[in-house]
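Subject: Structure for your review

Dear colleague,

I am handing over the structure that we discussed, and I would be glad if you read the notes below with the coordinates open beside them.

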Amino acid sequence: MVDPILSVRDLQKHYGAICVTNHVSLDVMPGEIHAVIGPNGAGKTTLIHQITGHLAPDGGSLVYDGQNITHLPMQRRARMGLVRTFQITSIVGSLTVLDNVALAVQSISQDPLNLWANAYQDKALNDQALVYLDQVGLSERHSLEARHLSHGEKRALEIAMALALKPKLLLLDEPMAGMGHDESLRLLSLFQQFKGQIAMLLVEHDMDAVFTLADRVSVLVDGEMIACATPALVRQDPRVRAAYLGDGDV
Amino acid sequence: MMPAAGAAQAHPMQGPAIFMGCVLALVPLASMLTGQSHWVPLCTQIMIFALAALSLDLVLGIGGLVSFGHAAFIGIGAYTTGILIKEGWGETLFCLPLSMLVCACFAYVTGLVALKTRGVTFIMITLAFSQMIYFAAQSLYRYGGDDGLTLPKRATVLGQAFLGNKITFYYLTLLCLLLCLFTVMRIVRSRFGRVLMGARDNEIRMTALGFDVFRVRLKAYVISGMIAGLSGFLLANQTEFVSPAFASWQRSGDLIFMVILGGVGSLWGAVAGAFAFLLMEEVLSGLTENWKVIFGPMIIFFVLFTQGGLARWIALFHKGRGQGHG
């Protein structure tokens, strides 16, 4: 039996009287794409925030790659390969596209905070960064200031930055949100390309994407995990249909 | 080199810095030829404040941390030096490192608290720490209290009174300024500087990339405090006097003005801003007693109409010329 790369146990989070994460347990296996779906306000992003360390849970535990990470700060988790993308695109707009990715490469390099050598002319960093930009199809835009990219390109840049951190587990918070059809398709094929190599926890509204990509789907409703199964089984689960998918033709 | 048009740049321009260095190197000669002997001490003093403004620009311009208490470091550096000279320990090779070390410690301890906060809270907390230094200096009765402390002499270098010579002291100050300017420029272009600047624009992003933003900022704050401490050492020696006013909040405010005038984050702009600010003050105060009535509105108009400061003007000029050639 292979150990899960991430195992969430009995996670709890309250905002006052409202319970946003209600005893949630979940396993992500190495190489697996695990989707989390649920209606708006179900607590999906809150769950992601707790896994990345952005929010501290009120109870429960997180074990990542054999280590208890429940109380580790965000930057430590990131350097261990637990990497996220943001629902609202998050890049450094005043730096170039290349520099954004070079920052990620720099983070896991030997000397991430060197005070003296010129970082912008560091060939080793820039060459590696270009490889990742190439993977997401942005290498031609490398010298542009990142804030001038289109929305879809910014998303792609974020993915390149995430990949540059050599993730073991990628947390993708609605990566397709606001993307055009073609861009979505390109992203989809990119994720498919990494399927089996990098485990992914995918929060997504685009049901086509979820059912194409995911090995397993967990359904979160009002902070509670009501189902976790293969896409085919989840589609048929009457509770899921009632709570989320509606009774229409899914 | 990539010419950047924005005010806060990942690639601070070297050209203006070199140009300023050359002009400043000629000031003593010009002063001798024209007989304007007050130019040398005036420019020395301005360069000392330029050094403090430069140190502020590292945390304010590059790090995005609006420190409203940077004069505290000038005060600490000056008092450490002043007290040591008064007590007969006035050897530069001892005084100077110790002044900077005390500033580093103060920056580290206050930074541990202040850098946990953001925005207005950070402004207020740095102000509060600097006021503590101001009142602590006032209560040093042995060293003049309110009235300040007049130094018996300047610090010696290997027992020699080198610093007593106006011209020597001028060039020493210029050397310190240029060394610090090029050091800070290097830091800004380094991996460390890139993270510091990235965190100014997007702190969560830098944390999610695995950087410990708090530690990076703390280090920058300590480096900045040490440079301001150096300016305190020079100021105490130049004026042969230290007073609590060195650490007053008005002084901290002046430093922020200098940085804004010059162009936030442009580094050499902080130096140009110090010159613009203090020369205007010098000229206006020579014209009328109520010079602040003119000075205040002038500063406001200047800031309003030159967003990005002097550095932006030069960058735009530079860019326009570059396009003309291409």
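A residue is called buried here if 20 or more other C-beta atoms lie within 10 Å of its own, exposed if 12 or fewer, and partly exposed in between, with the C-beta atoms placed from the backbone. This is a predicted model, in which local features need pLDDT of at least 70 and side-chain atom pairs count only at pLDDT 80 or more, whereas totals for chains, interfaces and linings use all residues. Residues are numbered from 1 along each chain as its sequence is written, and chains are lettered from A and ligands numbered from 1 in the order in which they are written.

Two backbone details come first. A:D65, placed in the loop between β4 and β5 of chain A, has a positive phi of about 50 degrees although it is not a glycine, and it counts as partly exposed because it has 15 C-beta neighbours inside 10 Å. A:H23, which belongs to strand β2 of chain A, is also not a glycine and has a positive phi, near 50 degrees; with 14 C-beta neighbours inside 10 Å, A:H23 counts as partly exposed.

Helices (H or I, at least four residues) and strands (E, at least two) are DSSP runs numbered from the N terminus, and two strands pair if DSSP finds at least two bridges between them. In chain A, an open sheet of 4 strands has the order β2-β1-β4-β5 with antiparallel pairing. Its edges are β2 (18-28) and β5 (67-68), each with a single partner strand, so one side of each has no neighbour in the sheet. Strands β1 (residues 6-15) and β4 (residues 59-64) of chain A pair in the antiparallel sense over 5 bridges, and A:S7 stands opposite A:V63 in β4(A).

As for the two chains together, 23 residues of chain B are in contact (C-beta atoms, placed from the backbone, within 7 Å) with 28 residues of chain A. On the side of chain B that touches chain A, the elements that give two or more residues are α6 (166-189), α7 (191-201) and α8 (203-208) of chain B, and α7(B) gives the most, with 6 residues.

Finally, A:V101 touches A:A129, A:Y132, A:L133, A:A160, A:M161 and A:A164, when residues up to four places away in sequence are not counted.

With best regards
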